[in-house]
Amino acid sequence: MSAYHPLTESEAIDYARSLPDLFQPDSELASREIGDGNLNLVFHISEPSTGKSIILKQALPYAKVVGESWPLTLDRARIESEALMIQESLCPDLVPHVYAYEPDLALTVMQDLSDHIIMRKGLIERNKYPLFAEHIGTFLARTLFYTSDLGMNQQEKKERVKRFINPELCKITEDLIFDDPYMDSPNNNVPPAIRDAVAAVWQDTGLHLEVAILREKFLTHAQALLHGDLHTGSIFIKPDSTKVIDPEFAYYGPMGFDIGAVFANLLLNFAAQEGWGEDEASRQDFRSYLTGTIRDVWETFEREFRELWNRHSTDRIAKTPGYQDWYMREVLRDTFGFTGSKMVRRVHGLAQVADINQIQDEAAKERAQRLALAIGTSLIQFNRQASSIEEMIEFAKKAVK
Ligand SMILES: Nc1ncnc2c1ncn2[C@@H]1O[C@H](COP(=O)(O)OP(=O)(O)O)[C@@H](O)[C@H]1O
Ligand SMILES: CSC[C@H]1O[C@H](OP(=O)(O)O)[C@H](O)[C@@H]1O
């Protein structure tokens, strides 16, 4: 099966059979296409007689959410499989294992994580995950430190930057996060009930200045190898395990973009509580869990990143007193700005979030959308003044009052 074409469920079985050492020869295999994301096909292949299973993820030559009118490079499958392998080398328990990558079919063969749940769904069900903060804080500290100029040979890093030039996927982000939400673009899906608040975003030139500065960082600051799309739909979770999936947007960019993606999606769920709690006390309880998680993620990230720096950095000039504190403060500030940008795009941009959109009560949904927009825009406005993660939590709490 050499020439590229999108696989059918039965062709996915034929391909799985051709893989060495995974399934018994001639045993029965079952195949289901389970992709629910915006871009790719995902086949679940199982062998009922042994209980073994794998995932085949295949890139389509266009964006599935829009259709063939939006062509998209198949090279993103290479980016995704290489990023997963680098992440596994740095955080073995926190990503799925990649068994194989088939460039001709733009196909990645990986560990089946069906015993986990997509975190966005888990949060909508109002599950709490006490180990998540430690797991994702560690993932962020290790992947961002060891792929940056602080944690790897600076010449090898430049080679890495070359392999992860990801122009088409970055362009999606540049348009959908840093441009469309700030104008009346045909790509937006503006909820009619909040058109007044969205129009205010389109007219706010002070906000646009901050977005322009953040976009410039996204375009030019090749600080570390990012996951590039680290929302709660890209995280599989169960009480004792966290696995990050779907790094096809990986590229060298500013660290705060990945950290901000995690915080934005926790805060979108925070806003969505308007439509999910049975009463005010339970809403408040879940919101405290979410803001506590933001605090714990940042504290884990910062502590582990500083430890790695102190233990492993061989760079003389990076040891200059004051430099580490300056660096961490800049990462925090970027995190505020990117958290805000990633919230705003999910309220009235092309691709939105189930946390808010699945709210049945229209008045509650509108309150959630307005809240998300208010928190997101305040974080963008404030980003260059931020000095502590507590300020982010305060913005969220104040917006509810
Ligand atoms: N390793 C995996 N194990 C089990 N299910 C998976 C795995 N990877 C993806 N999936 C399923 O496929 C869906 C889409 O995968 P994702 O990588 O997010 O695709 P896309 O890039 O199209 O967004 C996930 O929400 C999940 O349900
Ligand atoms: C036209 S792509 C829109 C949106 O979808 C991606 O998410 P995912 O692959 O997880 O579904 C990414 O967030 C893009 O911005």
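Tutor: Let's begin with the annotation: UniProt positions are given in the numbering used here, feature names are shortened, and annotations may be inferred rather than shown by experiment. This is a predicted model, where local features need pLDDT of at least 70 and side-chain atom pairs count only at pLDDT 80 or more, while totals for chains, interfaces and linings use all residues. Residues are numbered from 1 along each chain as its sequence is written, chains are lettered from A and ligands numbered from 1 in the order in which they are written, and side-chain values use heavy atoms, leaving out hydrogens and water.

Student: Which residues does UniProt list for "binding site"?

Tutor: An unreviewed UniProt entry lists N40, K57, D246, P247 and E248. They are spread over 209 residues of sequence, yet they cluster in space, with a largest C-alpha distance of 12.3 Å.

Student: Where does K57 lie, and is K57 buried or exposed?

Tutor: Strands (E, at least two residues) and helices (H or I, at least four) are DSSP runs, numbered from the N terminus. K57 belongs to strand β3, residues 52-59. Buried means under 20% relative accessible area, exposed over 50%, and partly exposed in between, with a 1.4 Å probe and protein chains only. K57 has 11%, so K57 is buried.

Student: What does the side chain of K57 join in a polar contact?

Tutor: A polar contact is a pair of N or O atoms within 3.5 Å; within protein, one must be able to donate a hydrogen and the other to accept it, and residues adjacent in sequence count only if both atoms are side-chain atoms. The side chains of K57 and E80 are joined by one of 3.0 Å.

Student: And where is E248 found?

Tutor: E248 sits in the loop between β11 (241-244) and β12 (251-253). With a relative accessible area of 2%, E248 is buried. Its side chain makes a polar contact of 3.0 Å with the side chain of N40.

Student: Which residues line the largest cavity?

Tutor: On a 1 Å grid over the protein atoms alone, a cavity is a set of points where a 1.4 Å probe fits but cannot get out; lining residues have an atom within 4 Å of a point. Here the lining consists of N40, K57, Q58, A59, R76, A77, E80, A106, T108 and E248. β3 and α2 (76-90) each supply at least two lining residues.

Conventions
On a 1 Å grid over the protein atoms alone, a cavity is a set of points where a 1.4 Å probe fits but cannot get out, and a pocket is an open set with protein on both sides within 12 Å along at least five of seven lines; lining residues have an atom within 4 Å of a point.
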